[in-house]
Amino acid sequence: MSETQDKPVAGNDRTAPEPHSTNAPDASEAPYKPVIAAKAAKRANASVIGMVIALVLCVLAFLPVVLMNPAPKGENFRPAVDVPAIARNAADVAGFTPVTPDTGDTFRPNYARWESGTGTGVPTWEVGYLTPKEAFIGLTQTREANPTWVLQQTGNLPVTGTRNAGGQDWELRDSGKEKRSMTLEYKGTTIILSGTANLEEFAALAAAVVKSADEAPEAGAPATTPAP
């Protein structure tokens with residue numbers, strides 16, 4: 001027997017075939033998909049429907065309240081300011097009767113107050129008015145005015161002339177643009193109107209101011225009641 005017959009031939013060694021490899025994921029590696037029981041799913045759906053129904057009922061319950069109390073509509077809403085009542089309280093400390101021009105519904109006050117003058121040293125009666133054309137005029141009255149204070153109140157605008165209103169000649173200061181003011185020394189007080197309104201609206205308010213000053217009682221004097 002030859003030696004070549006006793007040696008296994010290369011490549012003829014038969015071994016067990018390797019298992020065929022595939023790209024299919026192993027069952028242990030597949031993502032887990034939870035399965036909700038039918039009864040549990042039904043209960044979950046019922047809870048969601050119940051929450052929606054409760055929300056709708058709450059909205060329906062509050063809707064009448066919202067409709068009966070509408071929110072303020074931006075610039076159309078103006079707080080009520082009782083200028084005469086505030087002026088009566090201010091008169092006790094002012095030493096003069098603050099003017100309360102009667103302008104009907106044309107000029108709408110949006111504030112009225114007595115300022116003690118802590119910062120300026122000049123105590124003042126102040127009222128802010130919104131004009132018919134939605135501009136602004138601020139009224140300031142004092143009996144302790146000085147030249148520096150007047151310049152501050154009028155924005156250092158130059159004197160450009162006079163303007164008659166209510167039978168009185170008011171000193172006019174005009175920037176030639178939007179800002180202007182009218183100043184009047186009357187019955188022991190200084191009255192300044194300042195703002196962005198046009199001259200016609202300034203004159204209308206100024207006339208009402210003069211009328212109020214003419215009708216006001218002297219400081220400390222009791223108000224008279226008109227005869228019936």
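**Ground rules.** I am reading a predicted model, where local features need pLDDT of at least 70, side-chain atom pairs count only at pLDDT 80 or more, and totals for chains, interfaces and linings use all residues. Residues are numbered from 1 along each chain as its sequence is written, and side-chain values use heavy atoms, with hydrogens and water left out.

**Helix α3.** I looked up α3, residues 83-94. Helices here are DSSP runs of H or I with at least four residues, strands are runs of E with at least two, and both are numbered from the N terminus. The buried residues pack against β1 (108-115) and β2 (124-130). Turned away from them, I noted exposed (over 50%) Arg88, Asn89 and Asp92.

**Its ends.** At the start of α3, a side-chain oxygen of aspartate 82 comes within 3.3 Å of the backbone nitrogen of alanine 85. After α3 comes glycine 95, with a positive phi near 85 degrees.

**Glutamate 126.** I then went to strand β2, where glutamate 126 lies. Is glutamate 126 buried or exposed? Glutamate 126 is buried, at 15% relative accessible area. I listed what it touches (heavy atoms within 4.5 Å). Leaving out residues up to four places away in sequence, glutamate 126 touches Tyr111, Ala112, Arg113, Glu115, Leu139 and Thr140.

Methods:
Buried means under 20% relative accessible area, exposed over 50%, partly exposed in between (1.4 Å probe, protein chains only). A polar contact is a pair of N or O atoms within 3.5 Å; within protein, one must be able to donate a hydrogen and the other to accept it, and residues adjacent in sequence count only if both atoms are side-chain atoms.
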